Amino acid sequence: MISKIKKQIVFSGIQPSGNLHLGNYLGAIKQWIDMQQNYSCIFCIVDYHAITIHQDPKELKRRILEIAKIYLASGIDPKKSIIFQQSDIKEHTELAWILNCTARVADLDKMTQFKDKSGKNKESVSVGLYDYPVLMAADILIYGAQIIPVGEDQLQHVELARTIAKRFNSQFGNIFRIPEAQLQKQGARIMGLDDPIKKMSKSAVNTNNYIALNEKPEIARNKIMRAVTDSGGEIKYNSQSKPAISNLLTIYSLITNISIKELEKQYAGRGYGDFKRELAQVVETFLIGFQAKYNKISDKEVFDILKAGATKLEPIAQKIITNVKKNIGLS
Ligand code: TYM
């Protein structure tokens, strides 16, 4: 009987650091919304990940609430999915420590995001920044999550979670499920509006790189109008030879659910000016709708949802930690 088949577990999260932007929404959150129908979904605000770089305490507190409201305004339904704050479940860090003893320095040395984020300051960045993929592995493995919907930049970290889980299982018995990353077919890597060769990023110095979800709609409009374009005026998708227009087409397509092929037909014989003006309108309308939902959500509602989420998850996390400790000889 189909109703008796247990749903697969989905887990994903976002750091409350910096402004959430269209890349986060289109690359990650958008695919979470539909998954709620067919999976048991857990969506986390990964505050312990955020503190791997310095955060102003007041600002961090505000951003945790902001991320929860963004989840809700995007359509994550707390009746269907669990939303929670990572630091509310202490077993994440407990498991991360144990997994630190399975992960190898050679594994972490391969992580390209650490190389990018630490840049020339490798000696002065926090140990937490280096170790953060192990905490991410703990987030995933502690709930036996099978599907991890993320953007392309997190693929390597999910791969590491798989490696750690397999190594642990082979040494200590079959405790962990082996997770798999899931990327959007389109939009797994939304690029910067100022430079279509680099990804859209909340830590970008140039604020024209991204459109924040809390951006004033008229500012977002200007950012689209100012977005760099490629040479040649044709509205055609080709990520190699036309990275800028391909990125704008992807954004257009994901917001409106009109296929790129259809958009190409719609804009055949028309120029960048027309295309950008209409995309600016699409983005503006999207932001107005999104922000109206966001503004209706109260802080109290969020606190209650996060608390309920943690209450549901705690026994699951405790159970796996108990088994892990038993298997490695701690209890
Ligand atoms: P974070 O907070 O950097 O990003 C959140 C999600 O947004 C995706 N993303 C993008 N997708 C498409 N185009 C872009 N330009 C773009 N920029 C960001 C990211 O891939 C991610 O899916 N370590 C993670 C958070 C995390 C996590 C986890 C995720 C912690 N534990 C367990 C999954 C499972 C992070 O820092 O994401």
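**Exercise 1. Determine how many residues of domain 1 are in contact with how many residues of domain 2.**

Solution. Between the two domains, 12 residues of domain 1 are in contact with 14 residues of domain 2, where contact means heavy atoms within 4.5 Å. The model is a predicted one, in which local features need pLDDT of at least 70 and side-chain atom pairs count only at pLDDT 80 or more, while totals for chains, interfaces and linings use all residues. Residues are numbered from 1 along each chain as its sequence is written, and side-chain values use heavy atoms, with hydrogens and water left out.

Domain 1 covers 2–183 + 299–328 and domain 2 covers 207–294; the bounds come from an automatic or database domain assignment. Their C-alpha centres are 30 Å apart.

**Exercise 2. State the area buried between domain 1 and domain 2, and which residues supply it on the side of domain 1.**

Solution. Step one: the buried area is about 1,300 Å², and carbon and sulfur atoms give 72% of it. Buried area is the accessible area (1.4 Å probe) that two parts lose on being put together, summed over both.

Step two: of the area that domain 1 buries against domain 2, 42% is supplied by Leu-22, Leu-26 and Ala-73, more than by any other three residues.

Step three: list the polar terms. Four residue pairs are in polar contact, both residues at pLDDT 80 or more. A polar contact is a pair of N or O atoms within 3.5 Å; within protein, one must be able to donate a hydrogen and the other to accept it, and residues adjacent in sequence count only if both atoms are side-chain atoms.

Step four: helices H1 (22–35) and H3 (57–74) each supply at least two residues of the domain 1 side. H3 gives the most, with five residues. Helices are DSSP runs (H or I, at least four residues), numbered from the N terminus.
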